[in-house]
Amino acid sequence: MKTNRLIVLGALVILVAGAGPARSDPTPPDSSRADGLRVTRASATELRATFGHSTTAITLTSRSPEVGVARSSVEVNGKTMTATRDLTAGTASWSGGDRALTPAEHAGLLALAAKVSKEWAAPAKAARRALPTHTDLLLRLVMLAAEAPPGVELGSQQADRPAMTLESPTTFTAREKQSATCVESALERTADSSAERRRALAACQQSDEEGIFYMACVRANRPLNHDAGSHCFLQESINSGPGSSECLGECGPGCNGIDTYTYDCGDHDRCGRVHGGSLNPWDSECGDEYFEADDDTLWAPINRC
């Protein structure tokens with residue numbers, strides 16, 4: 001659960017898709033598809049769909065009971081992930097019901113993320129329109145579910161609207177200096193297999209939750225941070241942003257995300273490339289980076305880049 005968020009800068013609130021109380025274009029996604037995705041109900045306030053992939057059956061439901069509010073669910077072989085977001089109040093929460101996905105279910109969600117990115121997000125970008133409130137949240141929940149490491153039990157999380165920062169020379173430089181806070185000296189005095197070294201490793205882990213720190217919509221070398229059970233907080237200069245290998249930094253899986261790039265999403269992407277994700281969300285691998293990126297996925301505007 002995230003706490004102590006900073007106040008959003010007034011000039012940046014407009015970057016959030018649908019942040020105002022007005023409804024967006026209610027045009028629903030296309031109806032049925034022969035290749036797995038089928039919309040069974042679509043209206044200005046509700047969307048229902050199904051998706052099949054190999055042995056995985058997914059049911060999608062989302063509705064907007066009032067202006068600016070949406071409630072969505074993604075059911076994967078009977079396991080349900082839910083999300084609620086109130087644009088006016090700036091509140092959001094999501095939950096996986098303390099269930100964990102199997103590798104096959106994870107593969108199904110990856111395929112679904114690619115499908116909705118192509119069929120829901122891309123047409124909205126081409127038409128320069130926002131998705132309806134309920135479709136917008138449902139697409140984000142699919143992306144969040146597709147990023148969850150298999151085997152991780154997903155509990156309830158609060159992910160209210162965070163502070164937002166645009167990449168600039170000043171913020172870029174400040175981030176480059178952040179890695180100096182890691183205490184590597186403790187490791188130099190310990191044996192590789194000792195309990196003392198394990199304690200030192202645990203002590204030099206640190207949170208890197210930054211609210212939403214947007215990458216500029218260009219490919220560039222950027223300082224990306226993560227920690228893991230085998231090393232302290234580490235900063236690397238990594239080519240990231242639109243056009244980079246596997247779209248490093250896009251919120252969502254690979255290049256099938258929401259077409260918005262942030263540093264928290266980049267940190268999680270880099271950690272996953274190096275360590276293969278996490279077996280437990282509270283261990284020292286990539287679980288913390290996943291949870292630090294959830295507010296980016298739920299609040300950063302779709303199709304910003």
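**Why these labels apply: burial, salt bridges and packing**

S117 is found in helix α1. The model discussed here is predicted.

Student: Why is S117 called buried?

Tutor: Buried means under 20% relative accessible area. S117 has a relative accessible area of 13%, so the label applies.

Student: Which residues is S117 in contact with, its neighbours within four places in sequence aside?

Tutor: S117 is in contact with A122, M143, N256 and G257. S117 is also among the α1 residues that make the contact with α2, and M143 is among those on the α2 side.

Student: How are the axes of α1 and α2 placed relative to each other?

Tutor: The two axes come within 8 Å and cross at roughly 145°. α1 passes α2 in a left-handed crossing. The α1 side of the contact includes L109, L112 and W120, and the α2 side includes L138, L139 and V142.

Student: Which residues touch the most other members of the largest nonpolar core?

Tutor: That core has 50 residues, and L60, V74, W94, L109, L112, W120 and L139 touch the most other members. Its largest share, nine residues, comes from helix α2, residues 133–147. A second, separate core has eight residues, including F213, L224, I238 and Y261.

Student: Which residues surround L60, leaving aside its neighbours within four places in sequence?

Tutor: L60 is in contact with L37, L47, R48, A49, S73, V74, L112, W120, L138 and V142.

Student: What makes R48 and E46 a salt bridge?

Tutor: A salt bridge needs a side-chain nitrogen of Lys or Arg within 4 Å of a carboxyl oxygen of Asp or Glu. In the pair R48 and E46 the closest N and O atoms are 2.7 Å apart, so the pair meets the rule. R41, E46 and R48 are linked in a network of salt bridges. By this rule the count comes to ten salt bridges.

Student: Are R48 and E46 buried, partly exposed or exposed?

Tutor: R48 has 35% relative accessibility and counts as partly exposed, since that class lies between 20% and 50%. E46 has 14% and counts as buried, because the limit for that class is 20%.

Student: How do you know that K79 and E105 form a salt bridge?

Tutor: Their side chains meet at 2.9 Å, N to O, and the limit is 4 Å, so the pair qualifies. The pair links distant parts of the chain: K79 is in strand β5 (residues 79–86) and E105 is in helix α1 (residues 103–127), 26 residues apart.

Student: What links D136 and R85?

Tutor: D136 forms a salt bridge with R85, the closest N and O atoms being 2.7 Å apart. D136 is in helix α2 and R85 in strand β5, 51 residues apart. D136 is at 5% relative accessibility and R85 has a relative accessible area of 3%; both therefore count as buried under the 20% limit.

Student: Where does R222 lie, and why is R222 called buried?

Tutor: R222 lies in strand β10, residues 220–228. At 1% relative accessibility R222 counts as buried, because the cut-off is 20%. Beyond its neighbours within four places in sequence, R222 is in contact with residues including E167, F172, M215, I238 and Y263.

Student: What makes the phi of N77 and of D98 worth noting?

Tutor: Most residues other than glycine have a negative phi. N77 has a positive phi of about 50° although it is not a glycine, and phi of D98 is near 60°, also positive in a residue other than glycine. N77 is found in the loop between β4 (69–76) and β5, whereas the place of D98 is in strand β6 (residues 91–99).

Student: Why do N77 and D98 get separate accessibility labels?

Tutor: N77 has a relative accessible area of 35% and is partly exposed. D98 has 54% and is exposed, because exposed means over 50%.

Terms used. Residues are numbered from 1 along each chain as its sequence is written. This is a predicted model: local features need pLDDT of at least 70, side-chain atom pairs count only at pLDDT 80 or more; totals for chains, interfaces and linings use all residues. Side-chain values use heavy atoms; hydrogens and water are left out. A nonpolar core is a set of buried Ala, Val, Leu, Ile, Met, Phe, Trp, Tyr and Cys residues joined through side-chain atoms within 4.5 Å. Buried means under 20% relative accessible area, exposed over 50%, partly exposed in between (1.4 Å probe, protein chains only). Helices (H or I, at least four residues) and strands (E, at least two) are DSSP runs, numbered from the N terminus. Contact means heavy atoms within 4.5 Å. Axes are lines fitted to C-alpha atoms, for helices over the stretch in contact, and angles run from 0 to 180 degrees between N-to-C directions. A crossing is left-handed if the near helix is turned anticlockwise from the far one by less than a right angle, and right-handed if clockwise.
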